[in-house]
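Here is a short report for a reader new to this structure. Have a look at the sequence and the model before reading on.

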Amino acid sequence: MSKPDELLVDIAAMVESEQSNQMSLTVVVQGAVITGRLAPESVWRQRVAEVLEQSERLGPFSALFASAGPDTGPPQRKEPPTHLYFHVARILQGSIGLPETGGMYRIAIKDVGAWTVGDFSYSDR
């Protein structure tokens, strides 16, 4: 999409302002279907920082993400959000979701071609 969907921007802004992580969303980005829950950017950054800190090789990168932790509260932005921050998210491929445990994804709103509220379940039956 060349112009971000205004309703999707409003959803992202609401997640940011209320610091909620319960909004489930499924998006299509360049043919990939990603499903999961949205998180405020600060919560997402802190969680990524925690994961990186536990890695011997990637630990130094954690500081890049930790700069906006959940204790800092909602960002004081005048501009609308430009990205969606997913946690517990999976890329759906056939009848499976990757990774099984869910991952952390940052997606530019302008790249979302389609979306729906809710997340899709998958089954290996």
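## Overall layout

This is a predicted model. The chain holds three helices and five strands. Starting at the N terminus, the order of the elements is α-β-β-α-α-β-β-β.

Of the 125 residues in the chain, 34% are buried. Among contacts with a separation of 6 or more, 62% are between residues 24 or more positions apart.

## Confidence

The average pLDDT of the chain is 86. A score of at least 70 is reached by 86% of the residues. Strand 5 has the highest confidence, at 96. Strand 4, residues 96-108, has the lowest, at a mean of 89.

## The largest nonpolar core

Which residues touch the most other members of the largest nonpolar core? They are Leu25, Val27, Leu38, Leu84, Phe86, Ile107 and Val112, out of 16 residues in this core. Helix 1 gives the most, with five residues. In soluble globular proteins, nonpolar side chains tend to be buried together.

Neighbours within four places in sequence are left aside here. Leu84 is in contact with Leu8, Ala12, Leu25, Val27 and Leu38, among others. Its contacts also include Tyr105, Arg106, Ile107, Ile109 and Val112.

## Helix 1, end to end

Start with the length of helix 1. Its 13 residues should span 18 Å at 1.5 Å a residue. The end C-alpha atoms of helix 1 are 18 Å apart, which agrees with that span.

The N-terminal end of helix 1 is capped by Asp5. A side-chain oxygen of Asp5 lies 2.8 Å from the backbone nitrogen of Leu7. Just after helix 1 comes Gln19, with a positive phi of about 50°.

Which residues of helix 1 are buried? They are Leu8, Val9, Ile11, Ala12, Val15 and Glu16. Seen down the axis of helix 1, these buried residues fall within an arc of 160°, so they line one face of the helix. An α-helix has 3.6 residues a turn, so residues three or four places apart point the same way.

The buried residues of helix 1 are covered by elements including strand 1, strand 2, helix 2 (41-53), strand 3 and strand 5 (112-117). On the other side of helix 1, Glu6 and Glu18 are exposed.

## Two buried serines

Ser42 is in helix 2. Its relative accessibility is 4%, so Ser42 counts as buried. Ser42 and Ala66 are 24 residues apart along the chain, and their C-alpha atoms are separated by 8.4 Å.

Ser62 belongs to helix 3, residues 62-66. At 8% relative accessibility, Ser62 is buried, because the cut-off is under 20%. Not counting residues up to four places away in sequence, Ser62 touches Ala49, Leu52 and Glu53.

## Backbone details

Where is Gln30 found? Gln30 sits in the loop between strand 1 and strand 2. Phi of Gln30 is near 50°, a positive value in a residue other than glycine. With a relative accessible area of 75%, Gln30 is exposed.

Val88 is in strand 3. Val88 is not a glycine, yet its phi is positive, at about 50°. At 37% relative accessibility, Val88 counts as partly exposed.

Strand 4 holds Pro99. Is the peptide bond from Leu98 to Pro99 cis or trans? That bond is cis, with omega near -15°.

Technical notes: Residues are numbered from 1 along each chain as its sequence is written. This is a predicted model: local features need pLDDT of at least 70, side-chain atom pairs count only at pLDDT 80 or more; totals for chains, interfaces and linings use all residues. Side-chain values use heavy atoms; hydrogens and water are left out. A nonpolar core is a set of buried Ala, Val, Leu, Ile, Met, Phe, Trp, Tyr and Cys residues joined through side-chain atoms within 4.5 Å. Buried means under 20% relative accessible area, exposed over 50%, partly exposed in between (1.4 Å probe, protein chains only). Helices (H or I, at least four residues) and strands (E, at least two) are DSSP runs, numbered from the N terminus. Contact means heavy atoms within 4.5 Å. The expected span of a helix is 1.5 Å times one less than its number of residues. The arc is that of the directions from the helix axis to the C-beta atoms. A polar contact is a pair of N or O atoms within 3.5 Å; within protein, one must be able to donate a hydrogen and the other to accept it, and residues adjacent in sequence count only if both atoms are side-chain atoms. pLDDT is the predictor's confidence in each residue, from 0 to 100.
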